[in-house]
Amino acid sequence: MGAWKKEPEVADPVDRTTSTLEEIPPAERTPVAGVKEALQRRWDRPGGRGYAALRWGGATLFAAVAIALVVTLLTSSSQAFGHSGLSLLWTGTWDPTHKIYGAETFIVGTLITTAVALVLAVPIGVATAAFLSELAPRWLATPLSVLIDLIAAVPSIVVGLWGLLVLTPAFAHHVEPFLKTIPVLEWFFHGPALGPSMLLAGVVLAVMILPTMVALSRTALAGVALTDREAARALGGTRWQVVRRAVIPGARTGIEGAVTLAMGRALGESIAVAMVIGNAYVIPHSLLAPGATLGSAIINNFGGATPGLDRSEVIALVVILLGITALVNAGGQVLLRSRSRPAVH
Amino acid sequence: MTTETAAVPAGGAGMGHGAARRRELIRAQSARSLRRRHLTGRGAVGLCVVAVAISLTPLVALVAYTTSRGIHALSVDFFTKIPTPQGIPGGGISNAIVGSLIIVGLAAAMAVPVGIASALFLLERRGRIAGAIRFTADVLTGVPSIAIGIFAYAVLVEPLAHFSALAGSFALAVLMLPVIIRSSESAMRAVPRTEWEAGLALGVRRGRVVRSIVLRGALAGIVTGNLLAVARAVGETAPLLFTTGNQLFNLSPLQPTGAVPLTIFSDGTSPFPADQQVAWGAAFVLLLFVLVLSVIARLVAGRLNRQAR
């Protein structure tokens, strides 16, 4: 029962009872010498039935809900996977009236919008975090950090509303026509500038994950040991070299964790994306083309789906989305483990 | 640098002259290198400043625009009346505000006790079961909220054959649980072992030690974590979309109920300017509520930090 009982005994500076135990003959031992053992007995004593029931009850309920989540979604989608098997994954048509169901368009859309969001948010986010944590004077860094931390709490529906009513017209009339004039990048931006597009969805996602990216990276950067910075400085590094060569590499694990989390959020976001992506069910051939993601397709199809196969197919989209996010998270974990092992110093 | 050092000829007579020359060369080289490095540094810092500007612009614009549009939508009617039919100006979102409070309140009532109990479980137990629970909590944090909404639909809406505030609350509770568990656990872990021992040494039972010493010591941290979880839940739309329905006005948790995020979604996607105006007002109210909750959470955490020092 003891929470820390099995922890290896490390030298405890407060502990004055056992250090001299071996030297003092038993007869001369003061009563104090037994305190540690008595304490351990007390520590191990069960905490009463009510307390145990509370803990086990909470944990059991939580585990039950988590298991029910997976089981429910799997059983609800079994009809869909029975109907088309795994070919659902690489069928490009979603046509419920003719009972043709395919998730390929949505999977591609999800991956593209997430990639756009990460390409925008990761470099800008890390650079912002580096500035706030390392380069900016304190009077500037503190208020800006608090501001960004607070903005991280803005609900995605508000970002979506802003994207729909403010960014969409701005993109249609100004941003997208402008992007089409840039020499090399225009290859990504052919086709008409409509407003709702994969690009806009990616930008909205980027705005949404940016504060999280900044806040987590900043924490990671601030956690790098002072001695690492001093060592880099003592070798003659300039202020920027300290950041570039010592602080950012030192915070690498934390930054990668931030990217994983941001990616998970971008993959799983549904409502804000559904508001700005245009909901076209064809594989887009340009970032300016409207598209759909798994999340937006679920939002748009679940309400109208008739019970039975139709609804089961939509729930299969949920399962695919869950699978992708799980893969990303597992990949992140593996990456972290493989990195942290040789880095022991 | 090494090539230049090697190029200096060795020899008794040329020694003094060579060393001075070498020093000169090194000095020039390092001055050049330092200039270059400072220049690179200045360029990089400049780029970072640009990045800060790029990241702050949309974020501040978003909040400022929502505020300026939203404030104009606010009135007494906005908080006390129910919505007008689509496209017709006037009306309010009282149904959605009350609905959101009921849904989130119920969700917190479900998630907080279970979350804290599970956190105690993780605190008191090591080994495979605790590891599995912790892993589950971490995985559940990353589950898309729409998936949780569909789950709540399958469990509580389909069997009962109608939407209800309760189903929405359940979805939000599932969403909040992992956040509450992990934040509460880390807050409790911060209570020093010596305080446990002091309680136990007085002969107090373990359950009582946890209640009077550990929970009290970790209270600020637990409150912060829970407030942040509530702030996150109140703005969630996807879990409510297929669980609560979007009804006019209702106080019963078993009936379909409106919610502020749903109002923003349905009015924001409406083509009528009057509806969009309502959406901005609702967005502003939601934003304000979430920001106030976050600020309170931060203040509580700040008090905690001061106490620890």
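In chain A, 74% of the contacts with a separation of 6 or more are between residues 24 or more positions apart. The model is a predicted one. Of the 345 residues in chain A, 42% are buried. The chain has 12 helices and zero strands, and its pattern along the sequence accordingly reads α-α-α-α-α-α-α-α-α-α-α-α.

One helix pair in chain A can be followed in detail. Helix α5 (residues 156-179) and helix α6 (residues 198-222) of chain A have axes that come within 10 Å and cross at roughly 140°. An angle over 145 degrees would count as roughly antiparallel, and α5(A) and α6(A) are therefore oblique to each other. Their crossing is right-handed. On the α5(A) side the contact is made by Ser156(A), Val159(A), Gly160(A), Gly163(A), Leu167(A), Thr168(A) and Phe171(A). On the α6(A) side the residues are Leu200(A), Val203(A), Val204(A), Val207(A) and Met208(A). By class, this contact of α5(A) with α6(A) has eight nonpolar residues, four polar ones and no charged ones.

Asn279(A) is in the loop between α10 (271-276) and α11 (294-302) of chain A. Its phi is near 50°, a positive value in a residue other than glycine. Asn279(A) has 19 other C-beta atoms within 10 Å; a residue counts as buried at 20 or more and as exposed at 12 or fewer, so Asn279(A) is classed as partly exposed.

The second residue, Gln241(A), belongs to helix α8 (residues 239-250) of chain A. Gln241(A) is partly exposed, with 18 other C-beta atoms within 10 Å. Leaving out residues up to four places away in sequence, Gln241(A) touches Ala232(A), Arg37(B) and Gly41(B). Gln241(A) is 83 residues from Val158(A) in sequence, and the two C-alpha atoms are 39 Å apart in space.

Between the two chains, 72 residues of chain B are in contact with 75 residues of chain A. Helix α2 (residues 15-73) of chain B gives the most to the side of chain B that touches chain A, with 19 residues. That side of chain B consists of 48 nonpolar, 17 polar and seven charged residues.

Within itself, chain B is divided into domain 1 (2-72) and domain 2 (76-308). The C-alpha centres of these two domains of chain B lie 48 Å apart. Six residues from domain 1 of chain B and five residues from domain 2 of chain B take part in the contact of the domains. The domain 1 side of this contact has two nonpolar, three polar and one charged residues.

Helix α5 (residues 128-141) of chain B packs with α7(B) at an angle of about 130°, and the axes are 8 Å apart. That angle makes α5(B) oblique to α7(B), and α5(B) passes α7(B) in a left-handed crossing. Here Ala137(B), Leu140(B) and Thr141(B) in α5(B) meet Leu177(B), Pro178(B), Val179(B), Ile181(B) and Arg182(B) in α7(B). The classes in this contact of α5(B) with α7(B) are six nonpolar, one polar and one charged.

The loop between α6 (145-157) and α7 (165-189) of chain B holds Ala161(B). Phi of Ala161(B) is near 65°, a positive value in a residue other than glycine. Ala161(B) is exposed, with 6 other C-beta atoms within 10 Å.

The other pair is helix α8 (residues 193-201) and helix α9 (residues 206-217) of chain B, which pack at an angle of about 155° with their axes 10 Å apart. This makes α8(B) roughly antiparallel to α9(B), and the crossing of α8(B) and α9(B) is right-handed. Glu195(B), Trp196(B), Gly199(B) and Leu200(B) of α8(B) make the contact with Val209(B), Ile213(B), Val214(B) and Gly217(B) of α9(B). The contact of α8(B) with α9(B) has five nonpolar, two polar and one charged residues.

How values were computed:
Residues numbered from 1 in each chain as written. Chains lettered and ligands numbered in written order. Predicted model: local features only at pLDDT ≥ 70, side-chain atom pairs only at ≥ 80, totals over all residues. Contact = placed C-beta atoms within 7 Å. Helix = DSSP H or I, 4+ residues; strand = E, 2+ residues; numbered from the N terminus. Nonpolar A, V, L, I, M, F, W, Y, C, P; charged D, E, K, R; others polar. Domains from an automatic or database assignment. Axes fitted to C-alpha atoms, helices over the stretch in contact; angles between N-to-C directions. Parallel < 35°, antiparallel > 145°, perpendicular 65-115°, else oblique. Left-handed = near helix turned anticlockwise from the far one by under 90°.
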